[in-house]
Amino acid sequence: YESEDGRSSKQRLLVVANRLPVSAVRRGEDSWSLEVSAGGLVSALLGVKNFEARWIGWAGVNVPDEVGQQALTKALAEKRCIPVFLDEEIVHQYYNGYCNNILWPLFHYLGLPQEDRLATTRSFQSQFDAYKKANQMFAEVVNRHYEKGDVVWCHDYHLMFLPKCLKEYNSEMKVGWFLHTPFPSSEIHRTLPSRSDLLRSVLAADLVGFHTYDYARHFVSACTRILGLEGTPEGVEDQGKLTRVAAFPIGIDSERFIAALKVPKVREHIEELKDRFAGRKVMLGVDRLDMIKGIPQKILAFEKFLEENPAWHNKVVLVQIAVPTRTDVPEYQKLTSQVHEIVGRINGRFGTLTAVPIHHLDRSLDFHALCALYAVTDVALVTSLRDGMNLVSYEFVACQDSKKGVLILSEFAGAAQSLGAGAILVNPWNITEVAASIGYALDMPADEREKRHRHNFTHVTHHTAQDWAETFVSELNDTIIEAQMRTRQ
Ligand code: ADQ
């Protein structure tokens, strides 16, 4: 890539996501403190060498006044972040409403909202209007910062309307869109009232990416069945215009996890945990507290295992870390109490005066504490009912090179496609099967553990987040060059 004055420089990558990778706290009328959150996407892009990334997104705070907006914009610029300001009403309708109440459950096969269906149906249109309006606001900011030669990479279900808005501003813009959740079967997608509008808008992108081949296939089927377009091995064709559709499985920054295990503080913490759980095998679950993660099902399977295996009483502990999310939503509050109730019952039933079988924490752990916990675990339990990929399974594997623990993994997580050969795959709805897998994992001979771990470790360390980001962006550049060549022919 060459800039206009002929100097070669890195290509600029505009990463557009609903949330910026920072939390902003207002300290005064015109002062803000910012903390960068080290999520998967951030570390993926930090490691990308050929591009210079800038972030565009909502800062997660309502800033109604001009002075505050200007000050925040200035502070964010130092972190290469550009804010989109959304007011409370838009956030309520677009983010809480359309994104989290409609698209998130639907894409995870939980259907459209069941309760108060009439009210939901009545407000559906206003939520979708807010969704389109919010996407338009993102597009306006992207367009303002776009320079010729930039690549624009849109992320996730929050921004399905963005590719179309961007191309309306500038049909030359290079636009890619990636979905972090599953894309459901076309039979599920077709229940969505705005099904066609969303598909058409995503198709305005040059490249559309998913975690797995199955999600890509579902998307192409939705376009052929719902829009009547033609699916080709490369993607979807509409009146001579091809939108490339492909699978780009995400990874993690495995080096960061492996390096953390050598940090003295982490080593100390590992020793403390080993003492704490001495004489017992450790099983671990780490999830955001969300319906899709199958936490109640996991705990019930553990109860069944204890019921059927008295010899394991007091010899195994399940540590379940569940970060609360969307705490203001009644369904999520219900899920929290349900989990607490089951955990209480099981601890009452199988606990002793000195030990309980389940340690359940309703909070997030810092990175080093999480790595230490991954490292002392014998069996990790990932029982998502649906999950785009699931990075916890990758993180666990990265931290297990000395212990070689076992991963029990839902067949409905995207990660089952990549770690399936090393993990024990389960149907999380089948509690009997999960309970039997727990027994199998706890008793697994060392040579089988070693073989399974080796398979997964190789995958996790060879398919990193950086590779994922680089592959997507270079494929997007190639797609555009190919399209230009086709037009010239
Ligand atoms: P998530 O649904 O958030 O991501 P996941 O992929 O498992 O799910 O990533 C969660 C991240 O949060 C991990 O990095 C994990 O370490 C961290 N985390 C979870 N619980 C934690 C806790 N209690 N304390 C500290 N950290 C915790 C969405 C999709 C996934 C997809 C990713 C990336 O739903 O399917 O894999 O995006 O595309």
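Which residue in β4 does R12 stand opposite? Select R12, then E52: E52 is the one facing R12. Before moving on, note that residues are numbered from 1 along each chain as its sequence is written. The model is predicted, so local features need pLDDT of at least 70 and side-chain atom pairs pLDDT 80 or more, while totals for chains, interfaces and linings use all residues.

**The sheet.** Colour β1 (residues 11-19) and β4 (residues 51-58), which run parallel and are joined by 7 bridges. Strands here are DSSP runs of E, at least two residues, and helices are runs of H or I, at least four, numbered from the N terminus. Pairing takes at least two DSSP bridges between two strands. Now show the whole open, mixed sheet of 9 strands: β5-β4-β1-β6-β7-β8-β11-β10-β9.

**The core.** Next, pick F219, which touches F183, V208, F210 and V245, leaving aside residues up to four places away in sequence; contact means C-beta atoms, placed from the backbone, within 7 Å. F219 is among the residues with the most contacts inside the largest nonpolar core, which has 145 residues. Such a core is a set of buried Ala, Val, Leu, Ile, Met, Phe, Trp, Tyr and Cys residues joined through C-beta atoms within 7 Å, buried meaning 20 or more other C-beta atoms within 10 Å.

**The ligand.** Finally, centre on the ligand: of the 19 residues around it, H180, S364, G388, M389 and L391 come nearest. Being near means a C-beta atom, placed from the backbone, within 6 Å. β12 (281-289), β13 (316-324) and α14 (391-398) each supply at least two residues of this shell.

How values were computed
A residue is buried if 20 or more other C-beta atoms lie within 10 Å of its own, exposed if 12 or fewer, and partly exposed in between; C-beta atoms are placed from the backbone. Two residues are in contact if their C-beta atoms, placed from the backbone, lie within 7 Å.
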